[in-house]
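Reader: Please take a close look at one part of this model. I want the strand pairing and the aromatic contacts around it, in one connected account.

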Amino acid sequence: MKRLILLCTFVLCLALSGIVHAQRVLPGMQGIQVTGGMVDGFYSSGNKNETGYYLGAAMATYTRNANKWVIGAEFLNRYYPYKTGGIPVSQFTAEGGYYLRFLSDPNRIVLFSLGGSALAGYETSNWGEKRLFDGATLRNEDRFIYGGAITLEMETYLADRVVLLLTARERVLFGTTTGHFHTQFGMGI
């Protein structure tokens, strides 16, 4: 009789076993994300004096329905062509925004979100140096900037606590002398 019970228990364990998934994107769950990528085009040796890069760090807090609040900071460095080189324009911005999930699979392994953020920060041209290498004077002033961003983000779980982010973002900033719109493509973890 004991053998029959043990055999039935073993068979039931095998029959009822399945893949176990961790609970993901629960309300109140928090995470730190680090992102980086290209600004205003894809980098190549032909346009190295016209493109830039960005680096960012943020804290995300999930709400109901896998939506999330994001608070973070970002550094953006873009080069503007001048003779044989480029003049760097750097932006330091703080961000606060809300991302709305609009598509995901049932297990929430892959999620697509659309977010809106408010941005405020500081912009510096050529790191504050007004005299250029050929003796010319740069007329752009360092200044405070403000605006917003719209972000399309895809996140996919690589492990229960590790998420890969792919982002496309359009920043609109005012108070700048170098252009209001910047397109960003990047990835993060």
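Author: Met38 has Phe185 as its bridge partner in strand 8. That bridge belongs to the pairing of strand 1 with strand 8 (residues 181-188), which is antiparallel and spans five bridges. The model is predicted.

Strand 1 (residues 30-39) also pairs with strand 2 (residues 52-62). These two run antiparallel as well, joined by 10 bridges.

Now the rings. The model holds six aromatic pairs. In one of them, the ring centres of Phe75 and Phe92 are 5.0 Å apart. Their planes meet at 40°, so the pair counts as tilted: stacked would need under 30 degrees, and edge-to-face over 60. Phe75 belongs to strand 3 (residues 68-82) and Phe92 to strand 4 (residues 85-104), so this contact ties together parts 17 residues apart in sequence.

What about exposure? Phe75 has a relative accessibility of 18%, so it counts as buried, because the cut-off is under 20%. Phe92 is at 37%, which means partly exposed. Ring pairs also bring in Tyr53, which forms a cluster with Phe75 and Phe92.

The charged end of Arg78 lies over the ring of Tyr80, 4.4 Å from its centre. Lys68 is placed over the face of Tyr99, at 5.6 Å from the ring centre.

Key
Residues are numbered from 1 along each chain as its sequence is written. This is a predicted model: local features need pLDDT of at least 70, side-chain atom pairs count only at pLDDT 80 or more; totals for chains, interfaces and linings use all residues. Side-chain values use heavy atoms; hydrogens and water are left out. Two strands pair if DSSP finds at least two bridges between them. Helices (H or I, at least four residues) and strands (E, at least two) are DSSP runs, numbered from the N terminus. Rings of Phe, Tyr and Trp (its six-membered ring) pair if their centres lie within 6.5 Å; planes under 30 degrees apart count as stacked, over 60 as edge-to-face and the rest as tilted. Buried means under 20% relative accessible area, exposed over 50%, partly exposed in between (1.4 Å probe, protein chains only). A charge sits over a ring if NZ of Lys or CZ of Arg is within 6 Å of the ring centre and within 35 degrees of the ring normal.
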